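Let's take a walk through a protein together. Have a look at the sequence and the fold, and then we will go through some of the parts step by step.

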Amino acid sequence: MKLEIEQLAAALEQPLPGLAAQKLMSPSVRFTGNMKYDGSGARKSSVLILLYKKEGEWMIPLIQRPQYNGAHSGQVSFPGGKFEQGDRSMLDTALREAYEEVGVNRHHLRFVRQLSTLYIPNSNFLVYPQVCVTHTVPSFIPDRREVEAVIEAPVRYLLSPGTVRHFTRTINGTRVEAPFYPVDDYVVWGATAMMLSEFLTLMQPCPLFANRQSHSCNAYNVPECH
């Protein structure tokens, strides 16, 4: 286990691919809201990308949000939330939110690195993804006010090029085409898929996943809707 964790950490310490990797999973239109924000005043938030081994596979947890009156109602995301007064860092935000939402104990985690930030135009958040790894299998305790379900996704499965699919939907009157990761019966798309794409790009050369092909997908590269 110790050797595998070091291999994961080494893969994650490569130079960040940033926007190029995020765009691999970008929807054709990223802004479908009714209010256009000034991104220079974006609110800060942070999410946790947690690596753990379960039944021989390295996994990451995602959550499905409950239905509510908001921009991310019912969506699949990483555990996380907005920076609050009292948080010492963006990592502290991610760890606090992960504990509140799914009961992840920060004392069992090893921080590896922060990935590239991503702006979410519909809710005016600038997200700071934090990657951690643990040698224990987390016992998830979802807060039902914030989490409808915990979704465990195998990294090897996500890296397979055959995993990525596409949908076309009309969202707030705008036609949106988007790549997504199907995990069980859930659709992982949008900002979460874009952050996940950068993470998976870093995972590609890791020897733990050497028996699969490269993660790749066509980017739409279409401007945001104004």
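Cysteine 132 has a relative accessible area of 2%, so it counts as buried, the cut-off being under 20%. Cysteine 206 is buried too, because its relative accessibility is 1%. Keep in mind as you explore that this is a predicted model. A disulfide is a covalent bond between the sulfur atoms of two cysteines. How many disulfides does a search of the whole structure find? The search comes back with zero.

Now let's turn to the nonpolar interior. In soluble globular proteins, nonpolar side chains tend to be buried together. Here the largest nonpolar core has 43 residues, and Leu51, Ile60, Val155 and Phe199 are those with the most contacts inside it. Helix α5, residues 190-203, supplies the largest share of this core, with nine residues. Leaving aside residues up to four places away in sequence, valine 155 touches Leu51, Trp58, Met59, Ile60, Phe199, Leu200, Met203 and Phe209.

Next, go to helix α1, which runs over residues 2-12. Its buried residues are Glu4, Ile5, Leu8, Ala9, Ala11 and Leu12. Because these cover an arc of only 160° around the axis, they lie on the same side of α1. Lys2 and Leu3, on the other side of α1, are exposed. What do the buried residues of α1 pack against? Their partners are β1, β2, β5, β7 and α5.

Our last stop is helix α3, residues 90-102. Is α3 mostly covered or mostly uncovered? Mostly covered: 10 of its 13 residues are buried, among them Met90, Leu95, Ala98 and Val102. The elements that cover these buried residues include β1 (43-54), β2 (57-64), β4 (80-82), β5 (110-114), β7 (125-133) and β8 (149-154).

Serine 89 caps the N-terminal end, with a side-chain oxygen 3.4 Å from the backbone nitrogen of leucine 91. Just after α3 comes glycine 103, which takes a positive phi of about 75°.

Terms used
Residues are numbered from 1 along each chain as its sequence is written. This is a predicted model: local features need pLDDT of at least 70, side-chain atom pairs count only at pLDDT 80 or more; totals for chains, interfaces and linings use all residues. Side-chain values use heavy atoms; hydrogens and water are left out. Helices (H or I, at least four residues) and strands (E, at least two) are DSSP runs, numbered from the N terminus. The expected span of a helix is 1.5 Å times one less than its number of residues. Buried means under 20% relative accessible area, exposed over 50%, partly exposed in between (1.4 Å probe, protein chains only). Contact means heavy atoms within 4.5 Å. A polar contact is a pair of N or O atoms within 3.5 Å; within protein, one must be able to donate a hydrogen and the other to accept it, and residues adjacent in sequence count only if both atoms are side-chain atoms. A nonpolar core is a set of buried Ala, Val, Leu, Ile, Met, Phe, Trp, Tyr and Cys residues joined through side-chain atoms within 4.5 Å. A disulfide is a pair of cysteine sulfur atoms within 2.5 Å. The arc is that of the directions from the helix axis to the C-beta atoms.
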